[in-house]
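Please keep the sequence and the 3D view open as you read.

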Amino acid sequence: MNQNLPYRTLLEVDNVENRIEDLIQQMTLTEKIGQMSQFSGRNGIPHDLRESIQQGKVGSILNEVNTDVLNEIQRIAVEESRLGIPLIVGRDVIHGFQTMFPIPLGQAASWNPEIIEEGARISATEAASVGINWTFAPMVDISRDPRWGRIAECLGEDPYLASILGSAMVKGFQGDDLSHPNSIAACAKHFAGYGYSEAGRDYAYVNISENELRNIVLPPFKACADAGVATFMSAFCDINGIPATGNELLMKQILRKEWDYKGFVVSDWDSVIELIKHGFAENSKEAAFEAIQAGIDMEMASRSYQENSEKLLEEGRINIEQINTCVRNILRIKFELGLFENTYTNTAYFPEKGNASYLQSAKQAAIESCVLLKNDYNTLPLKKDKVQNLAIIGPMADDGYEQMGTWTFDGKEEWCKTPLQSIYEMAGNDINIRYARGLETTRSKNRDGFEEALSIARESDTVVMFMGEEAILSGEAHCRADIDLPGFQNELLEEISKLGKSTILVVMAGRPLTLDKTQHYVNSLMYAWHPGTMGGPAIADLLFGEVAPSGKLPVSFPKMVGQIPIYYNHRNSGRPVINGSFMHIDNIPKRPTQTSLGNTSFHFDAGFDPLYPFGFGLSYTSFYYHSIELSTESISLGDFIEISAELTNTGSVEAVEVAQLYIRDLVGSVTRPVRELKGFQRVHLYPGETKTIIFRLHTDDLSFFDRKMKYVTEPGQFDVWIGGDSRANLKTSFYII
Ligand code: GLC
């Protein structure tokens with residue numbers, strides 16, 4: 001480490017802010033703009049990159065994971081540039097680095113912040129061990145449109161659930177001390193509204209009311225800010241005509257003024273120069289102006305800051321204080337990361353990547369993310385003493401790469417254990433197992449493999465199908481207008497179902513699929529999302545009842561695409577659906593009468609209920625919620641209230657149930673959702689056991705942005721439900737007076 005560096009160490013200066021000022025006073029404009037510039041890695045250090053680093057023109061690099069290259073890059077920055085400022089090294093460590101956890105939407109189905117935090121911690125440690133010190137996660141966009149490929153990366157449709165789970169990821173990545181060797185800076189993205197891309201088309205424009213923005217979209221970002229997330233990333237999208245990367249309401253008014261946020265904001269890839277394509281900036285110079293004006297501290301990939309900042313300053317369009325503020329925000333995170341003191345990485349100091357403990361954690365996360373959606377005749381769990389001949393069929397049964405899912409840059413396919421491998425290991429000595437792929441890929445429309453699949457199914461008493469979507473069918477820039485099982489998977493399922501065998505379907509996909517037709521072909525249906533490295537052992541344990549499923553849906557499953565957007569926490573409208581009353585298109589009378597056109601029924605052929613609702617998930621046991629009680633009938637602003645209920649395991653196996661608390665604010669100064677999740681608990685129960693579950697709410701927990709965009713809790717009646725999903729019917733009411 002070059003000891004003649006200009007910035008004084010932590011020992012010499014009592015706090016980060018003074019160290020920042022110390023440094024800023026010495027920096028040239030070129031060096032300041034350099035800190036605001038993030039370049040993409042180039043698999044090595046080409047001469048132009050080396051030169052730029054030496055000249056202090058690079059503040060960050062992304063997509064370089066070779067430790068020797070990263071250490072050399074840092075050495076050049078520290079020892080060959082004038083001020084020796086280390087680089088911050090970014091990577092998309094979205095749901096794992098080399099040990100892959102379930103995709104975030106799958107992790108959200110665990111409703112378990114502890115296991116999500118543990119997974120993020122492991123991912124951070126693996127990434128830090130190669131020299132990465134910043135991840136572009138958690139993605140906390142709220143999404144209600146499964147056509148959107150990036151729903152795979154988000155934490156579902158509900159702001160409360162996404163807030164708790166997104167914060168857990170931040171804590172996992174950053175730990176208690178950002179300067180700890182295993183900690184990496186997290187990044188709340190994509191700020192904001194990206195999940196509302198029109199019609200689920202990625203990068204599309206977003207039309208959203210400020211009410212919806214503040215009451216639904218922003219809470220998870222605020223929760224990440226409150227959890228100390230080191231960075232934010234601006235979204236690609238145009239929000240109400242103003243692209244996020246040039247949006248002062250988001251970046252200045254809300255993030256800086258209202259939230260007093262002190263970290264730094266990085267643009268998404270090229271999103272600064274994409275302001276030109278949006279038609280929001282005439283050229284690169286105007287794009288740089290708009291982004292700096294909005295408060296985007298660091299430009300990812302594009303070079304408009306490098307190319308235009310000096311000219312914008314000369315013209316007085318921007319001022320040096322704006323530049324200094326961006327640089328301060330960036331240096332603050334670099335100092336808090338301890339990069340100046342611990343710049344280089346020695347992989348030997350870290351636990352071995354992919355070790356048994358990490359794999360066990362990935363398996364547990366996968367177990368808890370799987371959601372049992374259907375289980376007629378208690379077909380599951382499979383019993384080794386009952387099943388003699390088992391057919392394993394489908395393109396997702398034995399494909400480690402595909403089960404890792406989207407945003408798997410560094411995942412080790414060779415570490416993956418597939419369901420087929422795990423079922424053989426678990427039951428191969430007791431059961432006669434046959435395997436046929438049936439279809440080459442999930443998109444295949446070639447029936448050549450059907451006969452082999454049908455043949456082994458005929459010879460079996462039980463059939464387990466593994467179908468879904470390959471990883472590439474979801475994630476960034478991969479959206480689908482038809483979200484049925486792709487290819488000829490339904491066709492294969494239909495043929496198999498004609499054999500009358502006990503049939504189970506395990507779906508691995510990066511989004512909710514429309515399964516209204518599919519579900520009729522099978523006795524049991526389990527949703528595994530893309531379960532990651534240890535998806536196989538997790539699914540095998542669940543199929544054979546080593547553990548009961550506990551996952552609950554973080555997003556509604558539509559019956560058909562025409563229902564989208566469909567979500568539980570909708571507002572009521574002036575003609576609400578009453579107990580699902582609607583007139584199916586087949587029943588509309590030829591000559592409409594007043595009643596058929598009146599407000600007592602609707603003509604909506606898809607109906608208003610999803611196929612599977614938010615919060616839903618079955619177990620191998622049954623649960624009974626009863627005896628809901630309140631600590632008091634009414635409270636004043638500033639008070640707490642407790643809502644309790646008894647939960648009994650009325651079945652024959654021990655299991656975990658995610659008990660959920662929903663409220664409804666019956667009358668507000670703006671219309672309020674018909675239900676809002678405000679609490680959940682994972683409750684372990686032995687057969688016959690009963691536990692009292694208690695939820696404690698403060699009146700602040702019932703606040704929202706009113707018609708004047710003031711954050712308030714309003715007096716009035718609140719309905720409250722406790723149950724196992726968003727249709728919970730164990731209900732009572734209380735008043736805020
Ligand atoms: C991508 C994504 C963003 C990611 C970034 C860096 O385009 O939108 O989520 O973190 O670029 O890879």
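The report below starts with the whole chain and then visits single residues.

## Ground rules

This is a predicted model, in which local features need pLDDT of at least 70, side-chain atom pairs count only at pLDDT 80 or more, and totals for chains, interfaces and linings use all residues. Residues are numbered from 1 along each chain as its sequence is written, and side-chain values use heavy atoms, with hydrogens and water left out.

## The chain as a whole

The protein chain contains 21 helices and 26 strands. Both kinds of element are DSSP runs numbered from the N terminus: helices are H or I runs of at least four residues, and strands are E runs of at least two. Along the principal axes, the C-alpha atoms fill a box of roughly 75 × 65 × 50 Å. The radius of gyration of the protein chain is 27 Å, which agrees with the value near 27 Å that a compact globule of 737 residues would have. That radius is taken over C-alpha atoms, and the globule rule is 2.2 Å times the number of residues to the power 0.38.

Of the 737 residues in the protein chain, 63% are buried. Here, buried means under 20% relative accessible area, exposed means over 50%, and partly exposed is in between, using a 1.4 Å probe and protein chains only. Turning to contacts (heavy atoms within 4.5 Å), take the pairs in the protein chain at least 6 apart in sequence: 77% of these contacts join residues at least 24 apart.

## Surface, charges and domains

The protein chain exposes about 27,400 Å², and carbon and sulfur atoms supply 47% of that area. Accessible areas come from the Shrake-Rupley method with a 1.4 Å probe, and for residues only the protein chains shown count as cover. The protein chain carries 67 positive and 97 negative charges, whose mean positions are 4 Å apart. In that count Lys and Arg are positive, Asp and Glu are negative, and His and the chain ends are not counted. Each charge is placed at NZ of Lys, CZ of Arg, CG of Asp or CD of Glu.

Two domains are assigned: domain 1 spans 362–543 and domain 2 spans 623–736. Their C-alpha centres lie 36 Å apart. The bounds come from an automatic or database domain assignment.

## Backbone features to look for

One runs from Phe191 to Ala192, with omega near -5 degrees, and Ala192 sits in the loop between β5 (187–191) and α8 (210–217). Another joins Ile564 and Pro565, with omega about 0 degrees; Pro565 belongs to the loop between α20 and α21.

Asn43 and Trp529 are non-glycine residues with positive phi, about 50 degrees for Asn43 and about 55 degrees for Trp529. Asn43, in the loop between β1 (37–40) and α3 (47–54), counts as exposed because its relative accessibility is 74%. Trp529, in the loop between β16 (524–527) and α20, is buried, with a relative accessible area of 0%.

## Buried loop residues

What does Ser550 touch, leaving aside its neighbours within four places in sequence? The residues in contact with Ser550 are Glu368, Cys370, Val656, Val658 and Arg682. Ser550 lies in the loop between α20 (535–543) and α21 (594–597) and is buried, with 7% relative accessible area.

Val140 is in the loop between β4 (134–135) and α7 (159–174), and its relative accessible area of 0% makes it buried. Beyond residues up to four places away in sequence, Val140 touches partners including Leu155, Lys189, Phe221 and Cys224. Gly263, in the loop between α10 (248–258) and β9 (264–266), is buried at 5% relative accessibility. With neighbours within four places in sequence set aside, Gly263 is in contact with Ala230, Arg256, Asp297, Asn329 and Ile333.

Val522 lies in the loop between β15 (502–508) and β16 and is buried at 4% relative accessibility. Not counting residues up to four places away in sequence, Val522 touches Lys374, Leu493, Thr503 and Leu505.
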